[in-house]
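Have it on screen while you read.

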Amino acid sequence: MWFFALAVATIQFVYATGMFIAWRTGEGRGLGTLLNLLQVGSFLGVAFLIAADVHLDAIPGVRQDWLVRPVRRLDLLLSKLLFVVVMVQGPIFASDLFQGLANGFPFKQSVAAAVSRSVFLLAGLCLPVMAFAALTKNTTEAIIAGSAIFAIGAVLVALAASLLGGSAGAIQFNPTDDTGVVWVGDFARLSVSLLAAVIVLGLQYFRRKTTPARSFFACAFVVYLLTLLIPWHPAFALQERLSPQPGTGSSVQVAFDPTQGRFKSPQGAVSSNLILSDRSGLTQGNIQIHLPLNISGLANDEVLNADKSEVSLTGADGRAAFTGTGGDMQVFKEGAGDAETRVRHSVGIPAITYNNIKDQALRAEIRYSLTLFRLDASYAIPALAGNERLPGVGWCTTKVDNEGDDISLHCMQAGKRMDCASVFLEHTPSGRRNPEAFVCGARYAPYSGKAGPDAMNRFSGSLPFLDLRGLARYPVDGAQLADSRLVLRVYVVQDHFTRVLVIPVITLKDWVAQ
Amino acid sequence: MIKAENLWKRFGRFDALQGLSFSVPEGSAYALIGANGAGKTTTIKVLMNILSPSRGRVTVLGADSCRISPRELGQIGYVSENQDMPQRLTVEEFLDYLRPFYPQWDCNLESSILRQLRLPSDRKIGNLSHGMRMKMALACALPYRPKLLVLDEPFSGLDPLVRDEFMEGLLEQAGEMTILISSHELSEIDGVATHIAFLDQGRMLFEESMSELTGRFREVRVMLDGVASVPRQLPSGWLQMKACGSVLTFVETRYKEDGLGERVRAVVAGVCNVDAKPMTLRSIFTTLARAARDAGA
């Protein structure tokens, strides 16, 4: 047992050391694979170690020696918890702390990051594994039951993803995934796991009611899977209620602006106010409709991010012609700009559907779930071999990527990461800029902390300065990199709100790119 | 010391215990006997709170078995063939582990028991033979001088030598403790038990003191002056009557020294001689088991 605990602790430290080296040296493919293996090994090691500890005094069964000893059930449970905290979480905490300190973060910040991850691991992994182990007699039984549950879960999730994944109906599969609201589902799953673990441990250690406990665990597992179907609207409504500065987005309006004319495919770089990208799955066999929009009510140095846009097109007969989601949309207002910002919002429509309805006069209704950010801080870092510690952002480095066409920005922070940032490449002497990238994927969670492989938060972005196909030419190119810098503008969340844009009559063919 | 009232235990559709009631007096050596599957182990597991009863209740050392606390468990020694001790620990390590749980643990007694039972303290429990493990269980149950010692089929699978060692170890330390022993090894109980209860298919057929039991059972041999035949109507209490030549044999379950001859003569004609012999516990047990089986059939 002690050897096992030592082995799991060693994996943690090797992983932490590996991550430290990978950051320092630039993660090579071999090291990355090794680290991935170590991560899996660490997870399995933790799970097996906890199970082994619980199975030393198994709950199910009638032959265990401890049942006839003067052992208080509470003491037994506490001893198991103590083992988990000291022998399982202790090394994880220590390796997280080591990583934080080795990477030069202050002691307090490193401790906070390690504690935060430890709490997440306890609630989301260790206690549920303990509870599951308490339902089984030995490791063999746990492996068989665990594999069965994993297989059933995987099949159900795959089935739900294939049936509901592309659905725009009332029930969607994991609609918050890949948005800032993803924490709602994560938190629901964490809560279900923790609650189920507490109840199962209570039933087992204080009542030894294995059959009811197993039934409860099965129900909790179903509820856990159902959290993948949490609808978008209630999730975002919760997010709205948790807005840090509610009402600051009340002046923001979204309007259809046909005067902008038809979208012309950009030659060279796109406008700094126009960042269009498609969510995966929309471009394949899709026709992109570029809707001209006017965004008003943005204050200076604010960014508006569309977390989700639900598009509904209705024919003259009142029948739904298309329902789906629009592409990403970010609207920047840097400094004291115009009162209104003109943008294009792309909506991918399957080619078959498009061909059927492209000439029809349709009614479009787009429900935007929006987040308003305000500028919090602005930093600059050399474009080449930049190595800076930025307050609130962390330790950031820059380098030219392996293809030689992008500047790679890598940042690492101990604990809570920044919400979002816009980054652009600027030639310092001339002030010329390349297009801005929005590095976000922010989790709007009202708590900090994560259960990931370590306590470090890493993010990266690529800023192109050369189009290898030769189609685009960037204002700041490779020759100017030595005199250039990356400007990092850090934004914090202000408000979450929704806007509904109704276009009474629209003909799709008028809004495809020229 | 132990009092069971209308105890039921159901496993699915099978009633392992069916309204069991019995009482174990303080200071007694109470034997639960019965064939395999009679419910002896289930009864013991219920009173140790390893299983919860479906109905009824048991009090052990004054506490409801369902709420038996470490205070009571600290005064109970438990030895069972169905006891999984930590296989990876050595004998010594396990005793080291147990000691702090029992404030009244007597280390000198522990050493003496280990010597007497000849247990290898440095050997892992997983490497002990079945007999050694039973002795180990006994060695773990005696050093804290429990008020109640529960032995569940302690002799099962033990060779005669180990049995003797086990029994010597047990009897030497028994002192004033109350012993509840379940077994179908009747020869081992004979001479140890002061009280006996007979279980059959989850029911208690009888419970009484050993002296009363052995006192009321006699194997009766009746010599007749002619060819013997089994009477159609037998008095209640006469079991297993057989006729062979001019000899009639049966088991008298309500034996009283005076008046046996008259009672026999009242039922059987041509009686020359009546001879009543005390029975061993084994014979009593098999007689009762057969009677119960025949009644069931």
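1. Start with strand 11 (residues 218–224) of chain B, which pairs with strand 14 of chain B in the antiparallel sense over seven bridges. Pairing here means that DSSP finds at least two bridges between two strands. Helices (H or I, at least four residues) and strands (E, at least two) are DSSP runs, numbered from the N terminus. One bridge joins Arg218(B) to Pro278(B) in strand 14 of chain B. In general, strands of a sheet pair through backbone hydrogen bonds, either parallel or antiparallel.

2. A word on the ground rules: this is a predicted model, where local features need pLDDT of at least 70 and side-chain atom pairs count only at pLDDT 80 or more, while totals for chains, interfaces and linings use all residues. Residues are numbered from 1 along each chain as its sequence is written, and chains are lettered from A and ligands numbered from 1 in the order in which they are written.

3. Back to chain B, where strand 11 also pairs with strand 13 (residues 247–252), again antiparallel, over six bridges. Look for Met223(B) opposite Val247(B) in strand 13 of chain B. Strand 13 of chain B is joined in turn to strand 12 of chain B by five bridges, and these two run antiparallel. Leu239(B) has Val251(B) as its bridge partner there. The hairpin of strands 12 and 13 of chain B has two residues between the strands, and Gly245(B) in this hairpin takes a positive phi near 65 degrees.

4. Put together, that gives an open sheet of four strands in the order 12-13-11-14 (chain B), with antiparallel pairing. Strand 12 (238–244) and strand 14 (271–278) of chain B each have a single partner strand, so one side of each is left without a neighbour in the sheet. The twist averages 15 degrees from one strand to the next. Helix 9 (residues 260–267) of chain B packs on the sheet and touches strand 11 and strand 14 of chain B; its direction makes about 130 degrees with that of strand 14 of chain B. For these angles, axes are lines fitted to C-alpha atoms, for helices over the stretch in contact, and the angles run from 0 to 180 degrees between N-to-C directions. Contact between two residues means that their C-beta atoms, placed from the backbone, lie within 7 Å.

5. Where does this sit in chain B? The chain is divided into domain 1 (2–210) and domain 2 (218–278), with bounds that come from an automatic or database domain assignment. The C-alpha centres of domain 1 and domain 2 of chain B lie 40 Å apart.

6. Chain A is divided into domain 1 (2–230), domain 2 (274–371 + 496–511) and domain 3 (376–494). Between the C-alpha centres of domain 2 and domain 3 of chain A there are 27 Å. Their contact takes seven residues from domain 2 of chain A and seven residues from domain 3 of chain A. On the domain 2 side, strand 4 (302–314) and strand 6 (328–333) of chain A are the elements that give two or more residues.

7. Chain A has an open sheet of four strands as well, in the order 9-10-11-14, with antiparallel pairing. Its edge strands are strand 9 (387–390) and strand 14 (456–464) of chain A. Strand 10 (residues 394–400) and strand 11 (residues 406–414) of chain A pair over six bridges, and Thr398(A) stands opposite Leu409(A) in strand 11 of chain A.

8. How many residues does each chain give to the contact? Chain A gives 11 residues and chain B gives 15 residues.

9. Finally, confidence: the model scores ipTM 0.83 and pTM 0.84. On pLDDT, the predictor's confidence in each residue from 0 to 100, chain A averages 87 and chain B averages 88. Please take care with residues 268–284 of chain A, where pLDDT stays under 50.
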